[in-house]
Amino acid sequence: NPSSGLEGRYSEEPDLRIIVEGQTVWAHSQILMQASPVFRKLLLTKMEESIHGKVELVDKSKDEFDVFWDVLRYRSCLTKENVKFLSVWAHEYDIEGLHKMCEDYLISSMEVSVAGLEHAIKYNLPDRAAQCLDVISADIREHIEELTLLGSAVSAETMHQLWPFICKAADVDAEMLDDFSPGHVMWPFLAKVAFGGACQVVKIFVCEFQGCA
């Protein structure tokens, strides 16, 4: 039976209750503390988690945690199905080794996309972000449709990276405003960069958005 209380924290048996989606998973605190400074801080300070030997993961998926825990325990392999969410867990819990493994896998095995660039920027994967930006900027027209479909799901930070290449494709010279919203009602006009004969429309949009005379 899993041990409980502080006296069992360093046993070879599972000694920590992880509560996720209302379900309890018994885990080894030592594995989590060795892997993650975030868990280490939770469990080595006099916080509720340490006192009661319980950590509740709010807004987390039980299925994702099961995979995450298997990777930490058994060094399970990364796959195309799990690498994206594992990179999120690694970022959130500051697990450098797993974070780097996920980034390397994304670079070597996953298709470049605007969504991939957004993910890399959001979760601090600089080498993956550079890869995506290089490919996308080389032919921005190929990716405008995806940009339009993503709409406000694209962050301003990602748009700042792509904006010079969008303007170049539209044959305009304009700086992106700091408060530009990718979900702006006029955003679909940028999609017309992808199609012939639309540059004038985009020029008008950029000029109006910047308050040109």
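Residues are numbered from 1 along each chain as its sequence is written, and side-chain values use heavy atoms, with hydrogens and water left out. Because the model is predicted, local features need pLDDT of at least 70 and side-chain atom pairs count only at pLDDT 80 or more, whereas totals for chains, interfaces and linings use all residues.

**The chain**

The chain holds twelve helices and three strands; helices are DSSP runs of H or I with at least four residues, strands are runs of E with at least two, and both are numbered from the N terminus. Of its 213 residues, 41% count as buried, meaning under 20% relative accessible area with a 1.4 Å probe and protein chains only. Among contacts (heavy atoms within 4.5 Å) with a separation of 6 or more, 54% are between residues 24 or more positions apart.

**Helix packing**

Axes are lines fitted to C-alpha atoms, for helices over the stretch in contact, and angles run from 0 to 180 degrees between N-to-C directions.

| Pair | Angle | Axis distance |
|---|---|---|
| Helix 7 (residues 114-122) and helix 8 (residues 126-138) | about 150° | 8 Å |
| Helix 6 (residues 96-109) and helix 8 | roughly 15° | within 8 Å |

The angle of about 150° makes helix 7 roughly antiparallel to helix 8, a term for angles over 145 degrees. Their crossing is left-handed, that is, the near helix is turned anticlockwise from the far one by less than a right angle. Helix 7 contributes Val114, Gly116, Leu117, Ala120 and Ile121 to the contact, and helix 8 contributes Arg128, Ala129, Cys132, Leu133 and Ile136. By class, this contact has eight nonpolar, one polar and one charged residues; Ala, Val, Leu, Ile, Met, Phe, Trp, Tyr, Cys and Pro count as nonpolar, Asp, Glu, Lys and Arg as charged, and the others, Gly among them, as polar.

For the second pair, the angle of roughly 15° makes helix 6 roughly parallel to helix 8, a term for angles under 35 degrees. Helix 6 also passes helix 8 in a left-handed crossing. Here Lys100, Glu103, Leu106 and Ile107 of helix 6 meet Pro126, Asp127, Arg128 and Gln131 of helix 8. These residues divide into three nonpolar, one polar and four charged.

**Serine 113**

Serine 113 lies in the loop between helix 6 and helix 7. This residue counts as buried because its relative accessibility is 18%. Leaving aside residues up to four places away in sequence, serine 113 touches Cys132, Ile136 and Glu146.

Conventions: Parallel < 35°, antiparallel > 145°, perpendicular 65-115°, else oblique. Buried < 20%, exposed > 50% of the residue type's maximum accessible area, 1.4 Å probe, protein only.
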